[in-house]
Amino acid sequence: MSASLDYRPLEARDWPFFLALQQDPRVMHFISAVRAEDLIRQQAFEPRLQPWEKGCGHWLCLVIQQKASDVPIGLTGFIDRGDGIAEVGFMLAPAYQGRGVGRESLSDIVRYAFEEQGFRKLTATVTAGNHASRRILLNVGFEQEGTLRQNYFLHDRWHDDWIFGLLNRAFT
């Protein structure tokens, strides 16, 4: 897919990396409150280990690695929301944020979702204030389609969600 990145399905051996991302306040600041290890394993990790196929109800979760390395640097993927629409998401280890990895990996997953899986539209939901994720989405061609006011309860208060969309025909 990419000149500098490789992707592989999430595996049981990725648990330490997955847990580290999920418990890092810098990574999770706009995503979720830091949760207990057992909840992360049950609610987030184990469902993503299942084989993925279009139409299933769980996320396709791919581990991002630099070419010629087996060290994980992030996660990317999408979930089929029906009617030809998938929602994308990504998380990067702090050491790889701000280095172009987010943009490159999002471009790759968009290409895969459109060209290999045949989705007609991709969406993304970003907690308002997450300007880094917003910038990545816009740079890849997503458009901000709206704001859901006071839609997400995080860190003891309600936050707006920014909604982004990208049509297959608009991706170049």
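**Burial and salt bridges**

User: Why does Arg 8 count as buried?
Analyst: Its relative accessibility is 11%, and buried means under 20% relative accessible area, with exposed over 50% and partly exposed in between (1.4 Å probe, protein chains only). Arg 8 is therefore on the buried side of the cut-off. This is a predicted model, in which local features need pLDDT of at least 70 and side-chain atom pairs count only at pLDDT 80 or more, while totals for chains, interfaces and linings use all residues. Residues are numbered from 1 along each chain as its sequence is written, and side-chain values use heavy atoms, with hydrogens and water left out.

User: What makes the meeting of Arg 8 and Glu 11 a salt bridge?
Analyst: The term asks for a side-chain nitrogen of Lys or Arg within 4 Å of a carboxyl oxygen of Asp or Glu. For Arg 8 and Glu 11 the N to O value is 4.0 Å. Glu 11 has 32% relative accessibility and therefore counts as partly exposed.

User: Which side chain meets Asp 24 in a salt bridge?
Analyst: Arg 26 does, at 2.7 Å from N to O. Asp 24, at 12% relative accessibility, counts as buried, whereas Arg 26 is exposed at 60%.

User: How do you know that Arg 81 forms a salt bridge with Glu 87?
Analyst: Their closest N and O atoms are 2.7 Å apart, which is within the limit of 4 Å. Arg 81 is partly exposed, at 48%, and Glu 87 is buried, at 15%. Elsewhere, salt bridges with shared partners join Arg 8, Glu 11, Arg 13 and Asp 14 into one network. The structure holds eight salt bridges.

**Rings**

User: What sits over the ring of Trp 15?
Analyst: The charged end of Arg 41, 4.1 Å from the ring centre. The term needs NZ of Lys or CZ of Arg within 6 Å of the ring centre and within 35 degrees of the ring normal. Lys 54 lies over the face of Phe 119, at 4.5 Å from the ring centre.

**Helix H4 and the whole fold**

User: How do you know that the span of helix H4 agrees with its number of residues?
Analyst: The expected span is 1.5 Å times one less than the number of residues. The 16 residues of H4 should therefore span 22 Å, and the end C-alpha atoms are 21 Å apart, which agrees. Among the buried residues of H4 are Val 101, Ile 109 and Phe 114.

User: How many helices and strands are there?
Analyst: There are five helices and seven strands, taken as DSSP runs numbered from the N terminus (helices H or I, at least four residues; strands E, at least two).
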